[in-house]
Amino acid sequence: MIFTSFNFLIFFPLVIIIYFILPERWRWKFLLISSGYFYINIKPIYAILLLLVILTTYIFTRLIDGTDSPGRKKTFLVIDIILTLLPLFFFKYYNFVNDATFNLLETAHLRWPLPEISWLLPIGISYYTFMALGYSIDVYNEEIPAEKNFGIVALFLSFFPLVLSGPIERAPNMLPQFKGKLIFNYYKLVKGLQWILWGYFMKLVVANRVGMYVNAIFNNINEHNGKSLFVATLLYPIQVYADLGGYSLIAIGCAKVMGIDVMQNFNRPFFATSMSDFWRRWHISLISWLTDYVYMPLAFNFRRFKIWGIVIALMITFILSGLWHGANLTFIVWGTMQGIFLSIEALTNKKKKAFVRKYNLLQKGWYLFTCSVFTYLLFAFSEIFGGASESVTAGFLTIKKIFTDFRGDVWYENPSMIIITSISILILFVVEFKAEYYKGQFSFFGNRSVAVRFLSYAFLIIMILLIGVLDGGQFIYFQF
Amino acid sequence: MSKELIIEKLTRVFREVFNNDQITLSNEMTAQDVGSWDSLSHMIMIEKVENTFGLKFKLREINKLKNVGVLIDLIENKTTC
Amino acid sequence: MINKIKNNIYVLVLIKLALLFAIVFLVDFSVGHLLRYLYFSQQSGNLYRTTYSLEKTKSNLLIFGSSTANHEYSPKIFENRLHISSYNTGRDGTSIFYQYAILKGVLKRYSPKMIVLNFDLDEFKKNPASYDRISTLLPYYKNHPEIRSIINMKSSEERIKLCSRIYPFNSMLFTILVGNTEFNKERRKDFQGFVPLKKVFDRELDTGYYPEEALDVNKIRIYKSFIWDCIHSNVKLYIVCSPFYHELKNTPNSVILGEKIAHENNIRFFNFLNDTSLTNHPSYFADMNHLNYEGAEVFSNKLIDTLMTNEEDDQP
């Protein structure tokens, strides 16, 4: 059951009603049952994997917590990490590694084919695996004690709003909430419902709309000219943001309605003025996870190389981040690009800061605007390898075409498509621009007038019905 | 080493690493309070502190640094024993 | 006391939600009705042609099919040579589901003399998008009970979703608005339903095998129903596979099955997929799948030649 399915629109209100009718002490148990149902509903067999990860995490966190010997703690943690990563590795990276080794051996005239696995990736595995790992490491670091109640650990890792696509939450934030009082909070309910609505708008209207255009172009790179590819490249980050950002908002909103606070996952990324600023605003839960559990230990170990140690740590972290997104060479290129961008920024940081301060540039609108645009362009180009193109060759072909193929005009299906797509992007940007630079001024959702608030809600719902892409029925007639 | 001396030396490290001569340390100070204190400059600062005070941190100790006060206590512990 | 406050909050939430739903319902109802009015007052374009095919045409020869049908069969030529009124009901991106729905709407009103169904080379291919695209029929759910069973194949929840009056017109806003203007009549002009393509395909002819595709049993079932309904209504049905700009070394499995089913029901099935008199002329094609206006003319004439010789063969 995904958030945009019709079933979820029935499932979620039902869960909420029962949740608040039940006495407080039963609520977390009910959430656990609902989460189980939610996940099993997708594909029962994959629920076994989730259960295995939960069991591993529960047993080993208890073992780590139960011993005083640092050596044994370490051994337990290592076994736990290996066991937790095993399903993820098997399902996500087995074929990738298998193909790579096969090709490598073949160049040495060795043939040793292992069977290919053609199973689908169990949905959410990349997310709950990271949540489980984070929890185990937190217990090892004595940030939190190991949870003794198995049900709470199971709920933390299978919590239905987060299990499919995050935010990748942390045990120190979630466990106390599940164990504490899950009480009705009017303010949170309203906030949650507002976020859900805005999340659906982002996903169904903006992401799907933009996605239709972007896919039509990137699925047929050979047939399109450089201008169309350039437009698609510019639009792709908006699609990804509206997609994952919208999805995250629905997730965070669902949790909020039930009174549970979940971390923010995106913070208006397109207003970032540098790449390092961008990565503090984009997919925050993943990046902060990687910062804490991968980058920090690496940077610590390389600290005697000073700034170059940080560069190495950055490169490794972002290549790993790339691989987390997908088992494909393109993502390694993508991760390397991010690492290079951030390293260049780290190396030039001092000089840039001095320059900015000297001319007081942070107060100047044109400077912030230029920086945002430049950051956006850098990210958009890196995203050619971050999911837009299917292969590295296709990615390079895209770039080559953008700079050399000036034939013809920008492709579009019909004027209606341009109008609808532009309106949806415009609404998103206006709302975010207001929130970024004119905080606290006129607000639709937070307006003191009930009429304004309700009309805004109604407007969004009507917009979703009017121009949302509700299923695959939208037909792009692309001739080639 | 006395606490005053530690704070004095640490202030110099902070001002240099974070490129800001106005920084005055307090126990409750966190990364949020210093503009350029991010995950990149953090490790540079740690390395500089190690060099200045001639000590070595463990990763676990770094993980537990919640604010400047904790760092000062940690340095004090490490330099006295 | 505390319980009372709590209950009051729950009641407040319910009242506010009810109020919101009332507003949404009201706006949805009025905007939906406006859209419905504008949709059916269109005078040109894709959507108008669907309404015309389903509710208005009285032609004795009808062309059915997807984009291949729409861009490749010129009713004018059929009229001139066969002396029979003709209309092309083909629509881009549709499948046998749409075509069968149009047929039902037509047969409810009258029986045409002749129907040509264009058969795509991936006609029976399993494709979830085919179900999603049934959405093109949603505006007709209300007034056409005969096509509801087809619309319900889209999903079991269609009936609930149709509580929204806007839903049937989702994503159509600007198309509907433009469809009401004079400007739209000159844009991608149609000739009795037929929309000629102007592009010319400038490629070498490739050769290769067509992949074995997983077939959709629903599509096969509806295809059979299409044939049976024509037989029952005494409509002369021809099924035609139009040329494909690719030298195929095998016959796609959809085509093999489509032809078999046609023959079992004594329906003529003409396969022009690899017709070299057409595929040897890249200038006849707009892209791999579609003939352009020039190709459409040649092909329409060629098909009529074939139909006429067959008529003669059929004479005792």
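**The sheet in chain C**

Tutor: Five strands of chain C form an open sheet, with parallel pairing, in the order 2-1-3-5-7. Bear in mind that this is a predicted model.

Student: Which strands stand at the edges, and why is one side of each left without a neighbour?

Tutor: Strand 2 (86-88) and strand 7 (268-271) of chain C are the edge strands. Each has a single partner strand, so one side of each has no neighbour in the sheet.

Student: What does the twist average from one strand to the next?

Tutor: The average is 15°.

Student: How many bridges join strand 1 to strand 2 in chain C?

Tutor: Three, with strand 1 (residues 61-64) of chain C running parallel to strand 2 of chain C. Within that pairing, Leu61(C) sits opposite Ser86(C) in strand 2 of chain C.

Student: Which strands does helix 12 of chain C touch?

Tutor: Helix 12 (residues 253-264) of chain C packs on the sheet against strand 5 (236-241) and strand 7 of chain C. The helix direction makes about 155° with that of strand 7 of chain C.

Student: Back to bridges. How many are there between strand 3 and strand 5 of chain C?

Tutor: Five, again in the parallel sense; strand 3 of chain C covers residues 114-118. Leu117(C) has Ile239(C) in strand 5 of chain C as its bridge partner.

Student: And what joins strand 5 to strand 7 of chain C?

Tutor: Four bridges, with the two strands running parallel. Tyr238(C) is the bridge partner of Arg268(C), which lies in strand 7 of chain C.

**Cores**

Student: New topic. How many residues has the largest nonpolar core?

Tutor: It has 152 residues. Phe156(A), Leu157(A) and Ile310(A) have the most contacts inside it.

Student: What is Phe156(A) in contact with, leaving aside neighbours within four places in sequence?

Tutor: Ala171(A), Met174(A), Leu175(A) and Phe178(A). Another core, of 54 residues, lies apart from the largest one. Among its members are Tyr73(C), Tyr87(C), Ile96(C) and Phe244(C).

**Chains in contact**

Student: Which pair of chains shares the most contacts?

Tutor: Chains A and C, out of two pairs in contact. Chain B and chain C have no contact between them; their closest C-alpha atoms are 38 Å apart.

Student: How many residues does the contact take from chain A and from chain C?

Tutor: 25 residues from chain A and 31 residues from chain C.

Student: Which elements of chain A give two or more residues to that side?

Tutor: Helix 9 (186-218), helix 17 (415-437) and helix 18 (450-467) of chain A. Helix 18 of chain A gives the most, with eight residues. By class, this side of chain A has 18 nonpolar, six polar and one charged residues.

Student: Now chain B against chain A. How many residues are in contact?

Tutor: 13 residues of chain B meet 15 residues of chain A. On the chain B side, helix 2 (39-53) and helix 3 (59-63) of chain B each give two or more residues. Helix 2 of chain B gives the most, with six residues. The class count for the side of chain B that touches chain A is six nonpolar, four polar and three charged.

**Chains A and B on their own**

Student: What does the secondary structure of chain B come to?

Tutor: Four helices and zero strands. From the N terminus the elements read α-α-α-α.

Student: How compact is chain B?

Tutor: Its radius of gyration is 12 Å, close to the 12 Å that the globule rule gives for 81 residues, so chain B is as compact as a globular protein of that length. The C-alpha atoms of chain B fill a box of roughly 35 × 25 × 20 Å along the principal axes. Buried residues make up 26% of chain B.

Student: And how many helices has chain A?

Tutor: Chain A has 18 helices and zero strands. The radius of gyration of chain A is 24 Å, close to the 23 Å of the globule rule for 480 residues, so chain A too is as compact as a globular protein of that length. The C-alpha box of chain A is roughly 70 × 65 × 55 Å along the principal axes. In chain A, 41% of residues are buried.

Student: What share of contacts in chain A joins residues at least 24 apart?

Tutor: 75%, among contacts between residues at least 6 apart in sequence. For chain B, on that basis, the share is 55%.

Technical notes:
Residues are numbered from 1 along each chain as its sequence is written. Chains are lettered from A and ligands numbered from 1 in the order in which they are written. This is a predicted model: local features need pLDDT of at least 70, side-chain atom pairs count only at pLDDT 80 or more; totals for chains, interfaces and linings use all residues. Two strands pair if DSSP finds at least two bridges between them. Axes are lines fitted to C-alpha atoms, for helices over the stretch in contact, and angles run from 0 to 180 degrees between N-to-C directions. Two residues are in contact if their C-beta atoms, placed from the backbone, lie within 7 Å. A nonpolar core is a set of buried Ala, Val, Leu, Ile, Met, Phe, Trp, Tyr and Cys residues joined through C-beta atoms within 7 Å. A residue is buried if 20 or more other C-beta atoms lie within 10 Å of its own, exposed if 12 or fewer, and partly exposed in between; C-beta atoms are placed from the backbone. Ala, Val, Leu, Ile, Met, Phe, Trp, Tyr, Cys and Pro count as nonpolar, Asp, Glu, Lys and Arg as charged, and the others, Gly among them, as polar. The radius of gyration is taken over C-alpha atoms; the globule rule is 2.2 Å times the number of residues to the power 0.38.
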